[in-house]
Amino acid sequence: MTPNKNRYRLLGETIDEYKADGVIEMTLQACHTYNVESFGIGRFVKEKKGIPYLAVETDYSTSDVAQLNTRIAAFIEMLG
């Protein structure tokens with residue numbers, strides 16, 4: 001599963017195609033496969049693509065909506 005070279009390639013293509021200002025990666029809590037890759041993906045986005053990166057872990061319940069809203073809003077504000 002890791003390193004997932006195809007994931008890096010597709011992410012890079014998507015960043016370039018949409019001229020992304022930043023990347024937010026949402027990982028499902030306890031999804032260790034993608035959580036393990038978060039560090040490498042963050043480094044790829046920041047170092048290779050030169051744009052900000054935010055990793056967010058959630059259990060997709062409503063209990064963390066306020067916290068996610070605050071973190072994502074701050075990230076978007078930082079991009080502006």
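## A nonpolar core and its surroundings

The largest nonpolar core consists of eight residues: Leu11, Ile15, Val23, Ile41, Phe44, Val45, Ile51 and Tyr53. A nonpolar core is a set of buried Ala, Val, Leu, Ile, Met, Phe, Trp, Tyr and Cys residues joined through side-chain atoms within 4.5 Å. Buried means under 20% relative accessible area, with a 1.4 Å probe and protein chains only. At least two residues of this core come from each of helix H1 (5-18) and helix H2 (32-48). H2 gives the largest share, three residues.

This is a predicted model, in which local features need pLDDT of at least 70 and side-chain atom pairs count only at pLDDT 80 or more, while totals for chains, interfaces and linings use all residues. Residues are numbered from 1 along each chain as its sequence is written, and side-chain values use heavy atoms, without hydrogens and water.

Contact here means heavy atoms within 4.5 Å.

The protein chain has three helices and two strands, in the order α-β-α-β-α from the N terminus. Helices (H or I, at least four residues) and strands (E, at least two) are DSSP runs, numbered from the N terminus.

The table lists values for the protein chain.

| Property | Value |
|---|---|
| Box of the C-alpha atoms along the principal axes | roughly 35 × 35 × 20 Å |
| Buried share of the 80 residues | 25% |
| Share of contacts between residues at least 6 apart in sequence that join residues at least 24 apart | 67% |

How values were computed:
Buried < 20%, exposed > 50% of the residue type's maximum accessible area, 1.4 Å probe, protein only.
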